[in-house]
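Hi everyone, thanks for coming along.

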Amino acid sequence: SNLEFLGVCLAEFHARYGNAQHGDFQPSNIFYDEDSGDACFIDIGGMGVPTMETDVEHFVKSLNLLAETYGQQLAADGRVWFEQGYHRAATR
């Protein structure tokens, strides 16, 4: 799933940058190129600035907001897929 892929990408981002948090990791700050299958994170100006939430927590919260429009299944399934990808990549 695309959300599992994003979880993997975020875990790799954290590993690459010493577990620094993006600071505002949400769907509007992700560019996904369907042709190449690449993802790019944008709006990293707050990277490393202390926040109350981890990137994973912030992304899950954003899925919950999207689910208000697109249905609760998005939040439920999306969280499972995203966290599965993140944890799989983080434990490599």
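Let me begin with a question for you: is E4 buried or exposed? E4 is buried, because its relative accessible area is 12%, and buried means under 20% relative accessible area, exposed over 50%, and partly exposed in between, with a 1.4 Å probe and protein chains only.

Before going on, a word about what you are looking at. This is a predicted model, in which local features need pLDDT of at least 70 and side-chain atom pairs count only at pLDDT 80 or more, while totals for chains, interfaces and linings use all residues. Residues are numbered from 1 along each chain as its sequence is written, and side-chain values use heavy atoms, with hydrogens and water left out.

Back to E4. What does the side chain of E4 meet in a salt bridge? Its partner is R88, at 3.2 Å from N to O. By salt bridge I mean a side-chain nitrogen of Lys or Arg within 4 Å of a carboxyl oxygen of Asp or Glu. This pair ties together distant parts of the chain, with R88 in helix 3 and E4 in helix 1, 84 residues apart. Helices here are DSSP runs of H or I with at least four residues, strands are runs of E with at least two, and both are numbered from the N terminus. R88 has a relative accessible area of 42%, so R88 is partly exposed.

How many salt bridges are there by this rule? The count comes to 4. Another of them joins E12 and R92, whose closest N and O atoms are 3.5 Å apart. Here too distant parts of the chain are linked: E12 sits in helix 1 and R92 in the segment after helix 3, 80 residues apart. E12 is partly exposed at 33% relative accessibility, whereas R92 is exposed at 65%. A further salt bridge brings together the side chains of E53 and K61, at 2.6 Å from N to O. E53 counts as partly exposed at 24%, and so does K61 at 45%.

Now let's look inside. In soluble globular proteins, nonpolar side chains tend to be buried together. A nonpolar core, for us, is a set of buried Ala, Val, Leu, Ile, Met, Phe, Trp, Tyr and Cys residues joined through side-chain atoms within 4.5 Å. The largest one in this model has 17 residues, and L10, F25, F41, F59 and F82 have the most contacts inside it. Helix 1 (2-16), helix 2 (55-70) and helix 3 (72-90) each supply at least two residues of this core. Which helix gives the largest share? That is helix 1, with 7 residues.

Finally, a look at the loops. Most residues other than glycine have a negative phi, and most peptide bonds are trans. N19, however, has a positive phi, near 65°. You'll find N19 in the loop between helix 1 and strand 1, and N19 is partly exposed at 48% relative accessibility. D43 also has a positive phi, near 60°. D43 lies in the loop between strand 2 and helix 2 and is partly exposed at 45%.

D35 counts as exposed because its relative accessibility is 80%.
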